[in-house]
Amino acid sequence: MINFHGENKTKNFFEGWYFKHQKNENTIAFIPGINIDKDGKKSAFIQVITNTNSYNIKYSFLDFKCSKDELEIQIGKNIFSKEGIDINIEDRDVSIRGKINYKELTPIEYDIMGPFREIPFMECNHGVISLYHKLTGSIKLNNKEIDFKDGVGYIEKDWGSSFPKEYLWIQCNCFENHKCSIMVSIADIPFMGINFRGCICSVYYEGEEYRLATYNGVKIVNCSDKFVLLKRGKYKLKVYFTNNSAQNLLAPENGDMSRIIQENLACRGRFEFYIEDELIFNLYSNNCSFEYLEK
């Protein structure tokens, strides 16, 4: 997977990575990224989201360094890679320092975009880097030490010009006594003068990945802010969730980080997965990440 797509971009572009860390009731996600607005102005940023707060730390584009082919991003004194993160943030509203190390990353079987990865003018592209990995280390957030030893992590990314006008995104890999990761994204997609509702979904359970996506025939039977039902041949996924208090994040619009979206980093969800009408799992979690945006 190409790590950085913005090397030759001059305007209307964004690229961001999403590193999530969870242990028990503690969750923190870091979103390092860059954006180039319609006038060609380039900026770098790190967004941070916790269960109770969110922060946006701005940087000069000169503070941004990134490998094209390896997962390695540096913004200021902060480093993000497949080995882990090294955080040194000191801003007006927040102080965060510490290291979290990763082990046993779980890549997806093949590109989550499927054949759409070959289309150069998609409004928003998505990549999944690790569905599930173990954590060690700790973070000090505003003088509060948070231990992530034996926690779980997740990494994904987005790039393009804008986030979709309408979309739903669910991600959860924090289940007691089960190695399971589920990611669902359903979005309004502009494509060659028309719009359609597209879906990408990865269900990883006990070492097997199941893909339910537009490009392999998934049907979006139901999609709301409380329930999702997907069917593809013999596979069926039901997701029920309770959207609690959410935190504000900035999202791109033609490369400008001007939209405000909301993410619930740790809401309650229930996931049922069937093969040939046989229930494979029925799992609950209080650590589901969830975004839902409609016009």
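**Note on a predicted structure**

1. In this predicted model, strand S17, covering residues 219-223, pairs with strand S18, covering residues 227-232. The pairing runs in the antiparallel sense and comprises four bridges. Within this pair, Asn 222 of the model is found opposite Leu 229 in S18. The link from S17 to S18 is a hairpin of three residues.

2. The largest pocket of the model has a volume of about 430 Å³. Its lining consists of 21 residues, of which His 5, Ile 119, Pro 120, Asn 125 and Trp 159 are the closest to the centre. Two elements give two or more residues to this lining: strand S10 (124-141) and strand S12 (152-160). The greatest contribution comes from S10, which supplies three residues.

3. Nine of the lining residues are nonpolar, seven are polar and five are charged.

4. Attention may next be given to Ser 162, which is located in the loop that lies between S12 and strand S13 (167-172). Is this residue buried or exposed? Ser 162 has a relative accessible area of 2%, and it is therefore classed as buried, since the cut-off for that class is under 20%.

5. The surroundings of Ser 162 can be stated in detail. Leaving aside residues up to four places away in sequence, Ser 162 touches Phe 14, Glu 123, Cys 124, Pro 252, Glu 253 and Asn 254. With Asn 254 there is a polar contact: the side chain of Ser 162 reaches the backbone nitrogen of Asn 254 at 2.7 Å.

Methods. Residues are numbered from 1 along each chain as its sequence is written. This is a predicted model: local features need pLDDT of at least 70, side-chain atom pairs count only at pLDDT 80 or more; totals for chains, interfaces and linings use all residues. Side-chain values use heavy atoms; hydrogens and water are left out. Two strands pair if DSSP finds at least two bridges between them. On a 1 Å grid over the protein atoms alone, a cavity is a set of points where a 1.4 Å probe fits but cannot get out, and a pocket is an open set with protein on both sides within 12 Å along at least five of seven lines; lining residues have an atom within 4 Å of a point. Grid points are joined across faces, edges and corners, and a volume is the space filled by probe spheres set on the points. Ala, Val, Leu, Ile, Met, Phe, Trp, Tyr, Cys and Pro count as nonpolar, Asp, Glu, Lys and Arg as charged, and the others, Gly among them, as polar. Buried means under 20% relative accessible area, exposed over 50%, partly exposed in between (1.4 Å probe, protein chains only). A polar contact is a pair of N or O atoms within 3.5 Å; within protein, one must be able to donate a hydrogen and the other to accept it, and residues adjacent in sequence count only if both atoms are side-chain atoms. Contact means heavy atoms within 4.5 Å.
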